[in-house]
Amino acid sequence: MTVRPTSEALHGRVQAFVEGILRGAPPEPFDDLALALARFQAAHVPALGRLVRARGIDLASARDAAVIPALPCDVFRLARIAAHAPDEDTLVFRTSGTSQGKEARGEHPFRTTATYELVALRWGERMLWPDRQDLGVLVLAPSVEEVADSSLGFMLDLFTRELGGPVSFHVRGGVLDLDGVTRAAAEARAAGRPALVLGASFAFVHLLDGAGARDLSLPPGSRVMQTGGFKGRSREVEPTELRRAMASLFAVPEAHIVGEYGMTELSSQLYEGTLAAALGARSPARHGVYAPPPWMRVTACEPTTLAPLSPGETGILRFVDLANVDSSVAIQTSDLGRVTDEGVELFGRAPGATPRGCSLAIDEVLSRGSS
């Protein structure tokens, strides 16, 4: 088997691409690297190999990453999506399972997390702390020790270790520690140290509901990253209202409230660019528009045929994520959105059943078994 040497070489190529493109000089074309990943995965990930054969795609002669068939997210809960054996797993991220039940949780195995760590930190720095301020961190989410299989928990742990300042966690056992948040905010004000608040949307709603007259204002230069939906865990709040309330609660500009979009099946994240733009970077300056990293390509697709749509048209989003080295480089979601020159606009999940194009792809993946 040549899985490990090939995997290691591909991780090295992706890491070189990321570092090179952030310096303005990628070492090879995006499409060449995406296709190299797809060829490796088609040979070693049975589910992807079946999809390639069912579609009659000749990856060997392909020159455009658009031909790579995208695995629907649902496949990650129906089959193992990994080029390596289970005993080589370093870490397995699992979906929350809130909508399908615990037994149906999707899994994304990693042979190594080195590439994931690199891309998460490089894009997180670019979008959340490009000014490299001395930031404290308040986390309104469980720690990685409590949710060891959470991709969000893993990413937040990376951020706290990278920033190196004082860190406090304020969700334990599913309960928000209001007193702890109040103390952490007071300590930040006393030290005059700006803070980065990281959390899930439902936690911020609980914080707003319980804050009352508490002083949670933060020093100038503070910023907030919110991620995820509500998933039945709290009352739902319209995004503009939530952002306005959070800005008031923490005494930060609305531009310093940054939305993050990520998913278990991907290795890279997208962010609203309002903070980066406010600090002088070229980035989407409007809330609701997300900036993908340059090692990711996002396309809106027609839900029935999965054909790519023109810029500005609304469809279900397809991601080609070069950081997905040992799983599937192309992922098809059921999330509605559109892609423009400005960035990616997200409109939530497609209503109703799984889009027909995704259902057909799942049938093609599983029609010869689910190994």
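Student: L242 is found in helix α8, which covers residues 239–250; why is L242 called buried?

Tutor: This is a predicted model, and in it L242 has a relative accessible area of 2%. A residue counts as buried when that value is under 20%, and therefore L242, at 2%, is buried.

Student: How far apart are L242 and V205, in sequence and in space?

Tutor: The two residues are 37 residues apart in sequence, while the C-alpha atom of L242 and the C-alpha atom of V205 are 7.6 Å apart in space.

Student: What makes H11 a buried residue, and which residues is H11 in contact with beyond its neighbours within four places in sequence?

Tutor: H11 belongs to helix α1, residues 3–22, and has a relative accessible area of 6%. Because that value is under 20%, H11 is buried. Leaving aside the neighbours within four places in sequence, H11 is in contact with R111, T112, T115, V325 and D326, where contact means that heavy atoms lie within 4.5 Å.

Student: How do you know that strand β9 is mostly covered, and which residues lie on each of its faces?

Tutor: Strand β9 runs over residues 223–227, and five of its five residues are buried. In a regular strand the side chains alternate between the two faces of the sheet. In β9, one side carries R223, M225 and T227 and the other carries V224 and Q226, and as these are all buried, both faces are covered.

Student: In which sense do β8 and β9 pair, and over how many bridges?

Tutor: Strand β8, residues 195–200, and β9 pair in the parallel sense over five bridges.

Student: Why is strand β15 described as largely enclosed by the rest of the structure?

Tutor: Strand β15 has ten residues, 330–339, and eight of the ten are buried, so the strand is largely enclosed by the rest of the structure.

Student: Which strand is joined to β15 by two bridges, and which by six?

Tutor: Strand β1, residues 71–72, runs parallel to β15 and is joined to it by two bridges; there P72 stands opposite Q332 in β15. Strand β14, residues 314–321, runs antiparallel to β15 and is joined to it by six bridges, with V320 opposite A330 in β15.

Student: How many bridges join β15 to β16, and which residue takes a positive phi in their hairpin?

Tutor: Four bridges join β15 to strand β16, residues 344–349, and the two run antiparallel. The bridge partner of G337 in β16 is L346. The hairpin of β15 and β16 has four residues between the strands, and G343 takes a positive phi near 155° there.

Student: How do you know that the protein chain agrees with the rule for a compact globule?

Tutor: With 371 residues, a compact globule would have a radius of gyration near 21 Å, and because the protein chain has 21 Å, the value agrees. The C-alpha atoms fill a box of roughly 60 × 45 × 45 Å along the principal axes, and 54% of the 371 residues count as buried. Among contacts with a separation of 6 or more, residues 24 or more positions apart account for 68%.

Student: What does the secondary structure of the protein chain come to?

Tutor: The secondary structure comes to ten helices and 16 strands, including the α1, α8, β9 and β15 discussed above.

Definitions and conventions
Residues numbered from 1 in each chain as written. Predicted model: local features only at pLDDT ≥ 70, side-chain atom pairs only at ≥ 80, totals over all residues. Heavy atoms only, no water. Rg over C-alpha atoms; globule rule 2.2 N^0.38 Å. Buried < 20%, exposed > 50% of the residue type's maximum accessible area, 1.4 Å probe, protein only. Pairing = 2+ DSSP bridges.
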